[in-house]
Amino acid sequence: MTSPAKSSTTVSSSAQRSLSAWSPLGGERFYAAARWVLIILLGVVTQFLTNGGLWPITDEIGPLESIFWLYVGFALVFTVLAFVPFAAGLVSISYLFDIAFISLMTFFGGERIVIFFPLYLVPLTYAAIRQPLSVSLLSGGLAAVAYIAAFVGWRRLIAPEALMTLLDYVALALRGSTLAIVPWVTGNLVERQSEVNRERVSQAQREAEQALSEAHAYRDQMRSLYRVALTLGSTADYRQVLDTLLQESQKIVPYRAGIVLLSSGQPNELYVAFGSNLAPGDLNRSLKMDTGLTAALRSSTAQVITSFAQFPSLQQLGSLHTCKAAALLPLQAGMRAYGLFVVATDQTLSTDQVEMLMALANYAIVALHNAQLIYDLKEEREKLLSREEEVRHQLARDLHDGPAQAMAVITMKAEFIKRLLERDPAQALAELDELSSIAKRTNYEVRTMLFELRPLMLEAQGLKVTLEQYLDRLRAKAGNTAIVLEGTDIDQIRLGSKVEGALFNMIQESVTNAIKHAQANHIWVRLRLVNNQMLEVVIQDDGVGFDKAAVLKSYERRGSFGLLNIDERARLVGGRAEIDSVPGKGTKITIFVPVES
């Protein structure tokens, strides 16, 4: 029983053949037109052979003319049938009648038999093109036999007296052989050309399918990028950012392992923060940065590797043991490097795949950077709130320990002096002198506190004059510690009001910490203009110093807005700060802030 698929194919093929056969100037219709060209040629030959007896038609018409007009009638009938679909089978074998008519005319053609030989090529060519190879071969043999029979019949029946040489028989045999092989040669040429055409069509179909597949792949990639952009643009959670990066990368490159390496906070160390298809134990594994990882992290483009020999750190990850190639994509925004995105596969990565992965990574970097900025802003807000609270408490303590107690003493002294005025005026005068001294000292402390909170003269007289007066006030508290201010060619330097205020606070914080904790003999404050673009401020002491690494480790637990937060404050005004300290060798703080042009 024929399957539906096969039946459908058969019907489709038949329909295609039918369309080809019955299309204008194609198949049988084309051959019907070619038959009329053949009739015209036969008419010319007949007119020549009969010395003009073909037209007009008379009662004494000869056999050659009669056969010609019968052939014309046959051509008319089959031309009409060529336009009737149900007569397709009969029309397809009409070329046999053409061979028969040509053979009859050859028989009655007499000595001019050679003239009819080329006319056989028209029906034989049609047979070679439209019929199977075996049928066309039989048709060629039939035509050869008919042609030879016509010649022999004419020789034996009509003109037995005509003399034939051996050369005539050889020529006859060659012409018959030619008719026999014409369908075979033509059919093979047509078949070969058909194969070439089919191959071209097949190649065109494959190219079209490949182009369509590439278009669909490109569409899917664009959709993937759109989804990534939409997802990453609506989240501030860096974990969701990296998870989306892994998911969408899997759609572009069916990787064996996807790994996101982020900084662990320790020098030259990364750790596996996220991953897909990770081996047991790989998640949260710490990796020391080797030369290959360092170069990949600092690069601005993706790096494709086919060997992990130059990456001993990556060889520690079990997820990569069976992988043959990997793409290392740096996750960095500006000067800030977050880590590496590793896409490992068991096949070669194409340039297009790497470019698409890099496009995804760039989207992720922007979202990651935005998430980091939001996180930093929240942290900064918390620290500013903590600092504000700390300042409030410090101000309350300073007011309580200083001016508040001094005012209580002044009040008590005033009451005591009132009583002394009646009993011992001389003693009252001495008490008044002491009261005046306490009031002056209290006034000085209050003014110093106000100066520290907001030095108004900073806006009026500039940074250097303000620092000179502030440090003069601090020297009274510094005891045996000498405070030295050094600055050349900075009187005309212009800083923004916010920059000046922030810089003054950073210097105040640094000097105050040095006085309280450094136990130093000297504190230097140096100001220097660098390249007319940056102001360099160095606060250095020769005190006890501290272990910076140990303080950094406990810094998050302490939650203080202290000395180590100076760099964050410097970055808020477009600058930066560096802190260097060694136990027993003092502390050096270097601050850079931009200068207004």
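This is a predicted model: local features need pLDDT of at least 70, side-chain atom pairs count only at pLDDT 80 or more; totals for chains, interfaces and linings use all residues.

Modeller: Residues are numbered from 1 along each chain as its sequence is written, and side-chain values use heavy atoms, with hydrogens and water left out.

Colleague: How many helices and strands does the chain have?

Modeller: There are 17 helices and 11 strands. Both are DSSP runs numbered from the N terminus, helices being H or I with at least four residues and strands E with at least two.

Colleague: What makes strand 9 and strand 11 a pair?

Modeller: Two strands pair if DSSP finds at least two bridges between them. Seven bridges join strand 9 (residues 534-541) to strand 11 (residues 587-594), so these antiparallel strands count as paired. Within strand 11, T590 is the bridge partner of V538.

Colleague: Why are strand 7 and strand 10 placed at the edges of the sheet?

Modeller: The open sheet has five strands in the order 7-8-9-11-10, with mixed pairing. Strand 7 (482-487) and strand 10 (576-581) each have a single partner strand, so one side of each lacks a neighbour in the sheet. Neighbouring strands are turned by 10° against each other on average, direction ignored.

Colleague: Which strands does helix 14 lie across?

Modeller: Helix 14 (residues 463-478) lies across strand 7, strand 8 (522-530) and strand 9, and runs at about 170° to strand 7. Such angles run from 0 to 180 degrees between N-to-C directions, with axes fitted to C-alpha atoms, for helices over the stretch in contact. Contact means heavy atoms within 4.5 Å. Helix 15 (residues 497-518) also packs on the sheet, touching strand 7, strand 8, strand 9 and strand 11.

Colleague: Why is a set of residues called a nonpolar core?

Modeller: The name applies because its members are buried Ala, Val, Leu, Ile, Met, Phe, Trp, Tyr and Cys residues joined through side-chain atoms within 4.5 Å. Buried means under 20% relative accessible area, with a 1.4 Å probe and protein chains only. In the largest core, of 38 residues, L42 and Y120 touch the most other members. Helix 3 gives the largest share of this core, nine residues. Beyond its neighbours within four places in sequence, L42 is in contact with F68, Y71, I102, M105, F116 and L119. A second, separate core of 34 residues includes L467, I483, I507 and V573.

Notes: Buried means under 20% relative accessible area, exposed over 50%, partly exposed in between (1.4 Å probe, protein chains only).
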